[in-house]
Amino acid sequence: MKKYLRPVLSGALALVISSAFPMNAAEPGLPPLLDRELFFGNPEIAGATLSPDGQYVAFLKPWSDTRNIWVKKRGEPFDAARRVTAETKRPIPGFFWSRDSRLILYVKDNDGDENYNVWAVDPTASPASGQEVPPSRNLTDAKGVRALIYDVPKKMPDTIFVGLNDRDAAWHDLYRVTISTGQRELIRKNSDRIAAWMFDLDGRLRLALRTSDQGDTEILKVLPDGFQTVYTCNVFETASPERFHPDGKRFYLQTNKGDPDLIRLVLFDPETGKEELVESDPLNRVDFGQALFSEATDELVATAYEDDRTRLYFRDPAWERDYRWLEARFPGKEINPLSSTADDRLWLIVANSDTDPGEVHLFDRGTRQLTLQYRVRERIPREHMAEMKPVRYPSSDGLEIPAFLTLPKGVPAKNLPALVVPHGGPWARDGWGFNNLAQFLANRGYAVLQPNFRGSTGYGKKFLNAGNNQWGDKMQDDVTWGVKYLVAQGIADPKRVGIMGGSYGGYATLAGVTFTPDLYAAAVSIVGPSSLLTLLDSIPPYWESFRIIFHERMGNPNTPEGKAQLVRQSPLYSADKIRTPLLVAQGANDPRVKKAESEQIVVALRDRGFPVEYLCAPDEGHGFARPVNSMAVWAAAERFFAKHLGGRFQEDATPEVSARLREITVDPKTVVLAKPVDEAAVGVPKPVATLKAGRSTMQGKLEAGGQEMPMTVTQTIEDQGTAWLITGTAKLPFGEAVDQVTVDKTTLVPRKRLLKQGPAVIELTFEGGKAAGTMAMGGDPREVSVELGGDLFADGVGGHEAIAALPLAEGYSTTFRNFDLMQQKVRLKQARVAGVEDVTVPAGTFKAWKVEITSADGGADSTTVWIAQESRQVVKTRATLPQMAGAVMTSELLP
């Protein structure tokens with residue numbers, strides 16, 4: 001069943017002072033102008049959850065203007081609750097009870113970087129001396145690491161299974177964590193590119209999910225010494241395990257493999273391969289939505305489908321009787337369970353609708369007693385909320401586009417100012433229900449259209465796949481034709497239509513003002529990518545398993561035709577077409593859509609003399625979670641839209657919000673982009689020395705996630721006539737890696753490379769400015785063919801020795817090409833002599849050049865190499881590895 005509160009799109013928008021419209025003229029029939037804080041400020045109470053034993057209720061409530069966790073006994077009033085956390089910077093995004101009701105577990109990151117750690121607090125514990133709340137413990141204590149919770153087994157109440165990408169930022173190793181002590185035990189080292197792990201109801205590791213090199217989904221049976229593939233589907237199909245059946249043999253699986261268009265729920269037996277249909281949409285309209293299971297029996301009790309409204313189908317008669325009883329008491333509203341006790345006797349439910357954010361009640365199924373707990377955002381006057389209606393309209397090619405339309409209450413739906421709000425994702429969807437943003441905008445007098453353009457989920461794989469490679473093209477047509485629908489219906493004034501969105505919605509906003517420059521009168525892009533090339537180039541390392549899916553669904557930047565398509569679809573490269581007033585908003589720490597995505601479009605418009613407004617919050621990531629930032633957003637946004645579209649706006653703001661708005665406003669004149677390197681001008685540095693045949697050993701350590709791991713690297717250089725064969729063998733606690741590179745004897749340009757580590761084997765040749773070969777990451781080999789734009793240098797093992805052969809001197813620098821094996825693209829590197837230092841290592845004391853090697857194209861990796869002046873021998877290295885969550889690797893020469 002869907003969550004009772006949908007995520008609220010929020011951002012920081014620049015303040016516009018003057019107005020071309022009468023700003024706050026009274027609109028006969030419109031409801032009173034409601035304070036924006038009612039919609040975007042902190043809710044009074046949120047997220048209530050019953051403890052499994054039913055004795056307590058935990059919930060979120062503001063303290064120091066930040067949402068913290070509070071706990072009360074079930075029968076107590078909420079005013080009697082005890083606060084158990086003391087966050088003052090960012091709201092706690094989520095929490096849950098341990099299975100034995102003893103502890104509360106929650107997650108938090110740092111300023112929106114999405115590197116979540118898992119914390120635990122005992123709500124009954126006493127505070128430490130001088131503190132107001134019980135102590136919290138970080139169960140996954142690791143800096144720069146993103147923890148994933150895989151399972152909280154019912155039969156192991158003191159255990160959670162988590163994934164940590166501390167060893168490799170792209171892949172999560174599997175750990176068992178003892179909640180009460182924080183003790184951590186490695187269960188599986190992820191050397192097989194596993195994207196997720198799945199346990200049965202007894203807490204036994206049974207399945208793993210992996211994306212193949214072709215983008216196919218593989219469901220694997222976990223064996224003591226490896227894996228066995230039990231189910232696959234191609235990149236354009238879905239296969240998502242839900243949970244194991246109580247029989248311990250079969251698991252529930254959502255899939256649309258094969259001919260069926262809609263996702264269905266099946267039971268799959270991994271031993272026999274037998275697939276049994278459980279259910280698909282009885283109306284044959286939408287994908288399977290959600291399965292609801294009993295906490296007491298683990299049996300499937302109901303299914304849900306998100307159509308124009310949510311539809312429920314019950315498989316347990318007792319559950320259905322109770323639900324229908326509740327339904328009769330809340331006519332016209334959807335009933336959604338929030339949590340229940342372990343015995344299913346008590347439910348916390350919310351009853352909500354498009355005009356009511358909800359009422360939360362405690363329901364005793366045994367006595368049919370219903371007790372009001374709180375009203376969600378209780379200060380919002382329900383009587384002034386606007387109805388949300390499902391609508392459909394044809395797009396440019398006749399494809400029917402589902403959407404939701406919210407019209408301002410109290411005025412005729414004729415010639416209204418309108419806002420189109422494309423959702424993020426884009427592989428997501430909007431749905432019916434209370435939407436804070438839509439209600440806020442409707443209160444200001446706008447018609448609000450939320451289109452589920454092609455590529456949105458929930459409407460079958462044909463509709464989803466119709467969006468493949470269509471960013472800025474047919475997907476954008478679906479938004480454009482939504483505007484035409486509003487105008488044709490007489491709802492929207494064609495001269496007063498705006499567009500606003502976040503993430504993909506921010507891209508659609510930029511694409512809208514770029515590719516249909518006469519359609520919109522105002523636009524707001526929130527954390528929106530402006531270049532699809534740089535977006536794909538900078539996705540977080542922990543999304544590595546999805547990279548091939550991005551390439552298949554968006555476009556492949558590693559092929560000439562794919563790159564050309566992505567350039568054409570990127571607003572940045574057609575920014576000269578923009579003539580719509582634009583606001584751009586960004587979180588400085590966004591790991592998904594980097595700050596540069598916003599700043600490069602701001603600079604492009606600034607440099608052609610076109611006015612653009614820009615806000616950047618230094619303490620936010622992909623969106624705006626802090627209330628003061630969110631409030632600053634909408635204070636500016638509504639004034640901006642009032643100026644350009646003529647809607648109403650609230651003139652006042654609190655001193656804190658006004659001050660914050662000034663703080664995060666950025667003058668576009670001050671934005672400075674990293675200076676781009678002309679890749680075409682990058683050549684190959686000319687060595688002044690040659691290599692020497694022989695053998696050397698470096699000893700060092702790898703520091704990651706607060707741990708140190710010893711390592712030894714042995715390197716041999718062999719003379720093969722016209723070439724050097726360089727072989728490096730690295731020995732680490734988690735295995736051995738062998739890197740072998742063949743370089744031209746004179747130019748030291750790499751011609752071949754062979755890399756082996758565990759099941760991974762990569763074999764490449766570099767000729768004619770092209771990389772070609774095969775890559776196998778534990779599965780079938782995949783062909784590699786990438787244009788390099790020129791020869792490589794100092795790439796792979798022996799790369800530091802190649803740099804040592806250059807004409808090093810004070811102030812010397814050079815730029816060259818490397819090849820990123822995982823992303824299969826060229827990376828530009830810069831080597832610079834930073835000085836001369838005396839260096840002492842086990843092999844002796846040396847006067848050495850200190851050479852710093854950094855990314856020349858915006859990457860975060862860096863390496864420092866110390867090279868003995870007299871012998872040109874590498875004696876020490878220190879590297880920062882962003883692909884390993886910022887791990888630091890050091891090595892020193894042995895005698």
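This is a predicted model: local features need pLDDT of at least 70, side-chain atom pairs count only at pLDDT 80 or more; totals for chains, interfaces and linings use all residues.
Student: What makes the radius of gyration of the chain agree with that of a compact globule?
Tutor: The globule rule is 2.2 Å times the number of residues to the power 0.38, with the radius taken over C-alpha atoms. For 895 residues a compact globule would have a radius near 29 Å, and the chain has 29 Å, so the two agree. The C-alpha trace spans about 85 × 65 × 65 Å along its principal axes.

Student: What share of the residues is buried?
Tutor: Buried residues make up 57% of the 895 in the chain. The term means under 20% relative accessible area, with exposed over 50% and partly exposed in between (1.4 Å probe, protein chains only).

Student: How many helices and strands does the chain have?
Tutor: There are 13 helices and 50 strands. These are DSSP runs numbered from the N terminus: helices are H or I with at least four residues, strands are E with at least two.

Student: Why is Pro426 called buried?
Tutor: Its relative accessible area is 0%, so Pro426 counts as buried. Pro426 sits in the loop between strand 30 (416-420) and helix 3 (436-443).

Student: What makes the peptide bond from Gly425 to Pro426 cis?
Tutor: Its omega is near 0°.

Student: Which residues is Pro426 in contact with, leaving aside its neighbours within four places in sequence?
Tutor: Contact means heavy atoms within 4.5 Å. On that basis Pro426 is in contact with Phe453, Gly455, Ser456, Trp471, Met475 and Tyr504. Tyr504 is also one of the buried residues of helix 6.

Student: How do you know that the span of helix 6 (residues 504-515) agrees with its twelve residues?
Tutor: The expected span is 1.5 Å times one less than the number of residues. For helix 6 that gives 16 Å, and the end C-alpha atoms are 16 Å apart, so the span agrees. Eleven of the twelve residues of helix 6 are buried, and the helix is mostly covered.

Student: Why is helix 11 said to be largely enclosed by the rest of the structure?
Tutor: 19 of its 19 residues are buried, so helix 11 is largely enclosed. Helix 11 (residues 627-645) should span 27 Å, and its end C-alpha atoms are 26 Å apart, which agrees. Gly646 follows helix 11 with a positive phi near 90°.

Student: Why is Asp65 called partly exposed?
Tutor: Its relative accessible area is 47%, so Asp65 counts as partly exposed.

Student: Why does Lys675 count as exposed?
Tutor: Its relative accessibility is 77%, and Lys675 therefore counts as exposed. Lys675 is in the loop between strand 36 (665-666) and strand 37 (694-704). Its C-alpha atom is 8.9 Å from that of Ala856, 181 residues away along the chain.

Student: Why does Val851 count as buried?
Tutor: Its relative accessibility is 1%, so Val851 counts as buried. Val851 lies in strand 47 (residues 844-855). Not counting residues up to four places away in sequence, Val851 touches several residues, including Ile803, Leu808, Val833 and Ile867.

Notes
Residues are numbered from 1 along each chain as its sequence is written. Side-chain values use heavy atoms; hydrogens and water are left out.
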